[in-house]
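Please look through the sequence and the model shown here before reading on.

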Amino acid sequence: MLLAVALAWAVLQAGRFLLSPLLPAIIADLGITEATAGVVLAMFNGVYALTQYPSGEYSDRWSRATLIVPGLATLVVGFLLFGLVGGLAGFALAAVVTGFGKGLFAIPSRALLSDLFVERRGRALGVYAAGTDIGGLLAAGLGVLVLSGAAWRLPALSVLGTQFPAVTVGFTSWRTPFLPVAAVLAGFLLLYVVWTRDGYRVGSPSLDVVGTVHRLLATGRQRRTLLAFGLFYLMVGGFINFLPTYLAQAKGFSAELASAAFALVFVVGALTKPVAGGLSDRFSRETIAVAGLLVAALALSVLVVADTRVAALGGIAVMAVGYKTEFPIADGVILDNAPDDDLGADLGAARALFLAANAVGPAYVGVVATYLNYAVAFGGLVACLLVAAGLLAWDAVGDD
């Protein structure tokens, strides 16, 4: 189950991150503006965020498989739409369908791992979360191949007396890489269906929104936890979306070097998340989270004041270690606090809040950088990390 859902998460994230490097080609091909493209991506993120809570609660009441299987199937359809359907309407439909499928899959798959790995929950979630970084690296590589028009000529073959002519295969347009993403996800869907021992049940469609909110906000400790990780996700949204632009405009990086620095974040993340998750199983999750936040705050401060490329790259690498630590821990803390029968509902509702905060991050950095400068904008992100660390440190030393 860990193999099936973690690798499926990595592949779907590769498809998601492909949209970033290919966006200029998409805009040119569809004849749309950056604003229109931004609205379509906002539709993707909005549908994904809104689906988190109901998919989580339904996976508690019905079964994990009842949500995971349709989620993977919907993702296959969504990426096929990206690869096959033309025009702005087709692009928007693909974004909405893919966002919906990702929302159906994200919370039930995490809840499934929480069910299966009670004692090693942090490590399992760390392996799962590393799929985001592996997907980012795959997307970066595929993006380079697509934009360079990479192609390979397969030689002529003779099989059992039948002649097959030489053919040329390659990435002929921005749509091409989405088709293998859909095919690989279909393979993981079949693996999951074969391997799962979970049944398929559909029950009442009602949602206990009031009960879920009450559980999440029941104590001061839980409220501080939500606020802390909300600030963290706001920082992530601002940092990761503007890092290449920040490096190019404020630090004098070339486009190629800025892209390499962006990829460095994913490399570090793929290595950091499983280790951080494993440590959080042995020690207090809040303590590990506070340490990661403080490391990230220090490294981001170094990046802001760095006047050499070496110092900037060092700050980025250490920053990645610090902030990538938080992802499996954030999920683990929410799942630790949730009743066994409401794991999916509580995680889905909390992550919907986190994703809403994440969406504010790019807007904050964009506005502050436009009217002031990037140093002030990224300084505000450092403040978010420090406040989040303070809130979690409070929880680490006291009960409520």
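Leaving aside residues up to four places away in sequence, L243 touches F262, V265, L303 and I316, where contact means heavy atoms within 4.5 Å. This is a predicted model, in which local features need pLDDT of at least 70 and side-chain atom pairs count only at pLDDT 80 or more, while totals for chains, interfaces and linings use all residues. Residues are numbered from 1 along each chain as its sequence is written, and side-chain values use heavy atoms, with hydrogens and water left out.

L243 lies in helix α8, which covers residues 220-250; helices are DSSP runs of H or I with at least four residues, numbered from the N terminus. With a relative accessible area of 0%, L243 is buried, a term that means under 20% relative accessible area with a 1.4 Å probe, protein chains only.

The largest nonpolar core has 68 residues, of which M235, F239 and Y323 touch the most other members; such a core is a set of buried Ala, Val, Leu, Ile, Met, Phe, Trp, Tyr and Cys residues joined through side-chain atoms within 4.5 Å. Helices that each supply at least two residues of this core include α5 (121-147), α9 (255-282) and α11 (309-324), and its largest share, 15 residues, comes from α8. A second, separate core of 49 residues includes L19, A49, I68 and L185.

T74 sits in helix α3 (residues 64-84) and counts as buried because its relative accessibility is 17%. Not counting residues up to four places away in sequence, T74 touches V97, F100, G101 and L104.

Technical notes
Buried means under 20% relative accessible area, exposed over 50%, partly exposed in between (1.4 Å probe, protein chains only).
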